[in-house]
Structure formats: structure tokens, C-alpha cells
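Please read the following report alongside the sequence and the model; it covers a sheet, a helix pair and the confidence of the prediction.

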Amino acid sequence: MSSCQQGAKIAYPEAVTENVTDKYFDVKVADPYRWLENDTSQATADWVEAENKVTQAYLSKIPFRSKLKQRLTELLDYERIGAPVKKHGKYYFSKNDGLQNQSVLYVKESLDGEAKVVLDPNTLSDDGTVALTGTSFSNDGKYLAYTISRSGSDWTEIYVMNLETGEKLDDHIQWAKFTGAAWQGNGFYYSAYDAPEAGKEFSNVNEGHKIFYHTVGEPQSSDKLIFHNPDEPKRFYHCGTSDDERILYIHESGAGSGNNLFIKDLTKPDAPVVRLTDNMEETYSPIELVGNQLFIFTNHNAPKYRIMTVDIASPQLQNWRELIPEGESVLADASLIGGKLVLVYEKDAARHAYVYTTDGQLKHEIALPTLGSVSFSGDKDDPETFYTFTSFTYPPTIFRYDLDNNTSTLYLAPKVAFNPEDYITEQVFYTSRDGTQIPMFLTYKKGLQKDGSNPALLYGYGGFNISLNPSFSASRLALLEKGVIYAQATLRGGGEYGEEWHQAGVKQNKQNVFDDFIAAAEYLIDNKYTDAEKLAVNGGSNGGLLVGAVVNQRPELFRVAVPAVGVMDMLRYHTFTIGWNWASDYGTSADSPEMFRYLFAYSPLHNIRNDGTPYPAILITTADHDDRVVPAHSFKYAATLQTANTGKAPKIIRIETKAGHGAGKPISKQIEETADVYSFILYNLGVTY
């Protein structure tokens, strides 16, 4: 055992227990830490403060933590620039000098022109906790609507800037959520809720999502209600407008793994909102309107997705026509740039890009540097386009692409303090419990000896049709350069192989996800990449649930576990904020006796052993403003874990303040948290830094 785990027993804060019991069908379930769900009570605040003291005392004793933080600061101190977005002949882009808490929005008159600041979100708060979360340019080039988030919350505020003068206008939209600003004329459409009850802003279930139209210069109180569905108060309604401002698109989601699509003709006063689809298990996404032809990205009768078109005069689903059929690989993204369709396909979790004509003919594949991820930036009428490519040891690099000649030229490559030639990425396939072949990416330092002595970090997600593609992390280099293997498993429940792969990991198939992750660990051990004494696991959100579940099921397989912002209470998750929205993947404890028993059997909170079985060292991470996966999940899990008899390894919780589910977190907080997490992992794996 490492010196850390052999040290003095940690005196965890005392958490009082209450006699709270729920009855699920014929089964009574105790919930002794229910009081920790009240995130605004003094008792919870005192417990959080006491837990953070214990955690910081533990982490402060790790001798190399400050050195690791210094290295992380060096690695993250590089210029990061986003792909240019061309609007009205000008180029807008984000840039971070290196250690700025938030990236700054700039504009150039030409690609080689001088960059001028449009909006610096670092000036919006003293500590960098106000993040710029979105921008939307009016079609006349006069205004910029921008969205911000405070302290990582999902709550969104919208402001308006006059681009000609740089003046911030008085317009201010509050209590918006899951929205951008969709311009039409002298205003925009957005989605918002009624103001929540004071003190319950970050925990109450959100109901009554509405779409409004805001006229620039008017107060929010005079905004016009455009759409509201009181029959479905919990569903989400997101909106967008066509490039020519003729059509309003409305996406309805929250009751399945897909969405319904509605449209409204904006050229006719008081035109009705027209429903096009009626199946929340399928995805229907407008790409763009060209003339009267609407291009649509969908998995309607096509689990791996396809492109369809419809005449806007008769837009209902029965009139849709197939343009580009479903292929062997999953169609992951589609955009209309320079009068051509740019399609991104996913093959074995890596992305490949192709150019098609608007009548569905393949022109060519775009040659990418290696296996990785790619995203495009461009306008439907402008042939100028850029794409950003990245992979595990390939920092996000911007290329300028010629659609007609199929040529890419380097536009901008970041300068990161490492040599990519020192590392290798390989993709392996391993067999899960039921015989399914699962891909996994492994990245490590060249010269690796497969003798079972290497430290390794296994990461996974496995849910909600979300794909885990190759991605670059400057922070992760701090582990790789110390000989840690980074393993990223492509678990069922994700979107890497289409809807069938997703469905193989939902509801009563959820155990497949855990089995896939356990099999990944066994593969790494059996093939001598690492050993159970050298293996750490990490995942966030649904991935935090994954880590919590597999630690309960196979604690001997892992030395360290870091579940981040995890869904830990599978019996009550649907009662908080937007938790009900995850029922399409999880099912709920209220659905049926069978669904309750299935959830109860793997719920991380309810399956912590108390019989002396040694658990790995566990660092739970969460944040006080997480209104997506409320911190009560992690609070109750930590309190239960600390009182259970699970051996001597530390079981601590790190609770970030003025932060949320992760989006928009300032660089300073990212460095602090990563230093804590990585030093905890390395120390408990017996690795010195």
C-alpha cells in the first residue's frame, strides 16, 4: 500500500442521521441523509465546510501537489484560439492568452488584420466565474446578443451589444435556460421559465418552458409569448430561425431520447405553429432552408442517421424525401457551407468528413491528419470554411479548407509545451461480458513496457447517445509525461455506433455499460498494461454514476476512483431540477416494481458495502451551483461512504464553491481542481511527482 493509505485514519465530519423512509411498491428504503438535499440550509452549509476542511487537510499533505499545480499552470499557459466565424465580411473568434479565466471575443476586418476586442467576459466578474456561453449576430450586422452563466449554473442571462458602437444596451433577459438568441428583424426568440421560488433556484424541478420574442430596446416584461405547451410542463422548447428569417424552428425534447419538430412561418402575421413529427424517440434537426427546400438531419427509420429534404409548403413528416441514405458508419454532424453539404461520420469512435452536393452526390473525403475529432465553421452562401481538428496528442488546430479543390492549409496551430512525438495512441478492441466487442483508445509514452507496473487512468461515460471521441487535454499531459496510461473506453449507451448502441446501454440494459467498463479494466490488467494496484478510474455526471456503480460491484479492480458530479441516487434523481429528463436513459423508481428493483440493484448510494470489503481510495467532486446534477447526490453518497466499513483508503469529497456542472469554469478553478484530483490519483497509486 502507498504511504497515503497507510496513514492515520481520517476523522470524517459527523453527519447526523434522520429516520426517513420511502416505500417503493413493496420495499421500504431508508434515506438517513435526506436533509443534505436542502442545499440552502445552515446544517448543509456547516457539513460542506467541515468536509472541505478535511479534504483540503488531506490534499495539503501530498508533498508534490504544489509542484504538480505549477506544471499544470505551465501546460495550460498557451494561446488558444477558436475557428473564425465570418459575419458580414468580418471574422469573429475567441482567444485566450493562456491563463485568462475566460476566453475573449475578438473581431478582424480581414484574416491578417488587427484583432480588436468585442467582448471580454473577464471584466464581468472579479473571480472569472461569469462565463460567456453563447453569441448570436443579428442578420443586419448591427447587434450581438450574448448569453452568460454565473458560477456555472444552467440559468442563462441574455444581453445585447451594438456592434457598431461597442455599447452594451439596457436589454437584459433573466431566468432563461437551455437557449440561445434566434434573430428575426429587430429582435430575437429565446426560451425561459417563470422566476423560480427564492432559495430554490438550484434545486426545484423546472416547469413551464416558454418561447418569447424580445424586441431590442424593450423591457423583458413586454416580451411577446410565442409558444407554450401547458399540457407538457416539464418538456424543453428550444428555438432557432432560418438564415433568411422566414421560418422559426421549435424543438420539443425531454420525454425520450430524441425530439419533436415544429415550425412557424414568420412571413405571415399570426401564422400557426405547425407540428411536423410525433415521436420523441427520434431526432429531427433542420440543417438549413434553401429556397423552399428544408434539409434535415435525422435518425427517422435510420438508427445511424441520414439526410432528408422537404418542401416547406408541405413540411409534415410523411412528405419528407431521402437525400443521403443511412450508411455503415454513424452520421454525426451535418452543415451547409458554400452551397455544399459537409457531413461528419463516426467510425469506431473517430470522425471522418466528406463533401456532398445538395442533390446528394459524394464529391470527396476531406483528408484529416490522423484518427481524431473535427468540427466545421462556415456559412451556407460563403465558400470560405475552416475546420478544427484535434486528437489525444494533437492540440486543437485550425485549417482553412477549399471546398472545390479539396485542399486544406494550416491556419493556426497552438504552441503547447510538449513533444507529441514522445507519445503514441492505439485503438484496441476487447470483449465485454456478453461477447460484444468494445473499442478503447490508449495513449501513453513511447517505450512502454507491458509488465503490469504502469499506472493507468481509465475514463468512460456510456450514456445519452453521447460519443466519446479523441480529444486533447493539456492538463492530461501532466499524467502522460509521468508514465500514466490514459485509457478511454467506448461504452454502450453512447452514440458511437448509432441508436442501437445507445439503446444497448439504457434502462434494463444499463448493466451492459458497467460490464463494458469492468471488462476494459480487466483487459488492461490481463494484457499487462497495468495492474489493479496501479489502476485509477474517473468519469463525470453519468460517468460519475458509472464509477460509483463499478466500484460497488468490483472494488478489488481499482486502486483509485474519482466520481465527478455524479448521479448517485437512482431512486430520487428525477425529483431534482431537470433530473426527470434522464428517464429515457434510466427509467424511474416510480415506473414499475421491475424498474425500481433494477435501479435499486445498481444505485451507487444504495449499494455501498458495509462488510469490511476494502474499497479504492475515493475522491468525490461536486459543486455548490450544480443545478443539473444537484450536489445532494454526492453529499449523500459521501456521508454514506464515510460511515460504511470499506477499509482504510480515504473517502473524501471536494465541493467547489461558485461553480456548477463544469461548463464555463474559470481556468484558475480548473487548475486548482485538476491539481487536487491528479495529486490524489498519483499519491494513491504510489507515483511520485
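In this predicted model, four strands form an open sheet in the order E24-E25-E26-E27, with antiparallel pairing; strands (E, at least two residues) and helices (H or I, at least four) are DSSP runs numbered from the N terminus, and two strands pair if DSSP finds at least two bridges between them. The strands at the edges, E24 and E27, each pair on one side only, and the twist from one strand to the next averages 25 degrees. E26 and E27 are joined in the antiparallel sense over four bridges, and Val355 stands opposite His364 in E27.

| Element | Residues |
|---|---|
| Strand E24 | 330-337 |
| Strand E26 | 350-356 |
| Strand E27 | 362-366 |

Helix H2 (residues 42-60) packs against helix H11 (residues 667-685) at an angle of about 60 degrees, the axes lying 10 Å apart. That makes H2 oblique to H11, where angles under 35 degrees count as roughly parallel, over 145 as roughly antiparallel, 65 to 115 as roughly perpendicular and the rest as oblique. Axes are lines fitted to C-alpha atoms, for helices over the stretch in contact, and angles run from 0 to 180 degrees between N-to-C directions. Gln56, Tyr58 and Leu59 in H2 meet Asp676, Phe680, Tyr683 and Asn684 in H11, contact meaning heavy atoms within 4.5 Å.

The mean pLDDT (the predictor's confidence in each residue, from 0 to 100) is 94, and 97% of the residues reach 70 or more.

Residues are numbered from 1 along each chain as its sequence is written. Local features need pLDDT of at least 70, side-chain atom pairs count only at pLDDT 80 or more, and totals for chains, interfaces and linings use all residues, while side-chain values use heavy atoms, with hydrogens and water left out.
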